[in-house]
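Please open the model in your viewer and keep a selection panel at hand. The tour below moves from one selection to the next and says what is found at each stop.

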Amino acid sequence: AVVSTQSTGLSLYNEGKAIQERLTKSQRRPQDNTKAFTRLMLTGRVSAALRFVGSQVSSVLPVTDAVMQELKAKHPEPDSKSHVHSLIKGPLEKKPCEPIIFENIDADLIYRVAKRTSGSAGPSGADAEMWRRILCSRQYKKK
């Protein structure tokens with residue numbers, strides 16, 4: 001069967017969009033960082049607390065002429081000879097994510113990934129240790 005490259009590209013694009021829409025961006029306040037660090041230290045997870053503090057360091061350059069010149073040098077204008085066939089034309093229809101993405105997710109994969117998790121609690125309040133206990137314990141096994 002011959003598959004059009006444009007339709008294949010659109011389905012890949014739709015799958016990517018569907019996955020990205022499910023990702024959430026967290027917005028932390030400085031007091032949340034203090035609470036997270038304190039919680040990690042009080043539970044004896046010193047290395048995780050130090051990693052957390054180290055991950056909070058960031059620096060953004062001020063927008064100066066020199067910075068702008070450097071960015072323009074690294075990101076030149078696109079070539080005007082773009083391939084017409086590589087461009088998506090017209091409105092894009094919004095489709096749900098293809099079920100094949102979730103086809104390979106089974107109990108064994110969840111178990112193996114859960115065993116390797118590490119980190120502090122997210123919005124649910126459950127840290128990696130709690131999720132490991134829930135997902136890998138026979139106590140929670142469905143009867």
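Begin by selecting Asp 108 and Arg 112, whose side chains form a salt bridge with the closest N and O atoms 3.2 Å apart; a salt bridge here is a side-chain nitrogen of Lys or Arg within 4 Å of a carboxyl oxygen of Asp or Glu. Both residues belong to helix H5, where they sit 4 residues apart, about one turn of the helix; helices (H or I, at least four residues) and strands (E, at least two) are DSSP runs, numbered from the N terminus. Asp 108 is partly exposed at 45% relative accessibility, and Arg 112 is likewise partly exposed, at 42%; the classes are buried for under 20% relative accessible area, exposed for over 50% and partly exposed in between, with a 1.4 Å probe and protein chains only.

Before going further, note that this is a predicted model, in which local features need pLDDT of at least 70 and side-chain atom pairs count only at pLDDT 80 or more, while totals for chains, interfaces and linings use all residues. Residues are numbered from 1 along each chain as its sequence is written, and side-chain values use heavy atoms, with hydrogens and water left out.

Next, select Lys 74 and Glu 70, another salt bridge, with the closest N and O atoms 3.9 Å apart. The two lie 4 residues apart in helix H4 (residues 65-74), so about one helical turn separates them. Lys 74 counts as exposed at 56% relative accessibility, whereas Glu 70 is partly exposed, with 44%.

How many salt bridges does the structure hold? There are 3, and one of them joins the side chains of Arg 45 and Asp 127 at 2.9 Å, N to O. Because Arg 45 lies in the loop between helix H2 (30-42) and helix H3 (46-55), and Asp 127 in the loop between helix H5 (107-115) and helix H6 (128-136), this pair ties together parts that are 82 residues apart in sequence. As a general point, side chains of opposite charge can pair when their charged atoms come close.

Turn now to the surface and select Phe 102, Ile 105, Ile 110, Trp 131 and Leu 135, which form a nonpolar patch with about 450 Å² of accessible area together. Patches are made of residues with over 30% relative accessible area and no salt bridge, like charges being joined within 9 Å and nonpolar side chains (Val, Leu, Ile, Met, Phe, Trp, Tyr) within 5 Å; the areas come from the Shrake-Rupley method with a 1.4 Å probe, and for residues only the protein chains shown count as cover. Ile 110 is found in helix H5 and is partly exposed at 40%. Not counting residues up to four places away in sequence, Ile 110 touches Ile 105 and Leu 135, where contact means heavy atoms within 4.5 Å. The C-alpha atoms of Ile 110 and Leu 135 are separated by 7.7 Å, although the two residues are 25 apart along the chain.

Then move to helix H1 (residues 5-22), where Asn 14 is placed. Is Asn 14 buried or exposed? Asn 14 is buried, with a relative accessible area of 10%, and, leaving aside neighbours within four places in sequence, it is in contact with Glu 93 and Lys 95. Ser 11 is also found in helix H1 and is partly exposed at 27%; its C-alpha atom is separated by 8.3 Å from that of Glu 98, 87 residues apart along the chain.

Finally, show the whole protein, whose secondary structure comes to 6 helices and 0 strands. Buried residues make up 10% of its 143 residues, and the protein exposes about 12900 Å², of which carbon and sulfur atoms supply 58%. If you colour by pLDDT, the predictor's confidence in each residue from 0 to 100, the average is 77, and 81% of the residues score at least 70. Among the elements, H1 has the lowest mean pLDDT (72) and H4 the highest (91). Where pLDDT is low, the predicted coordinates should not be read in detail.
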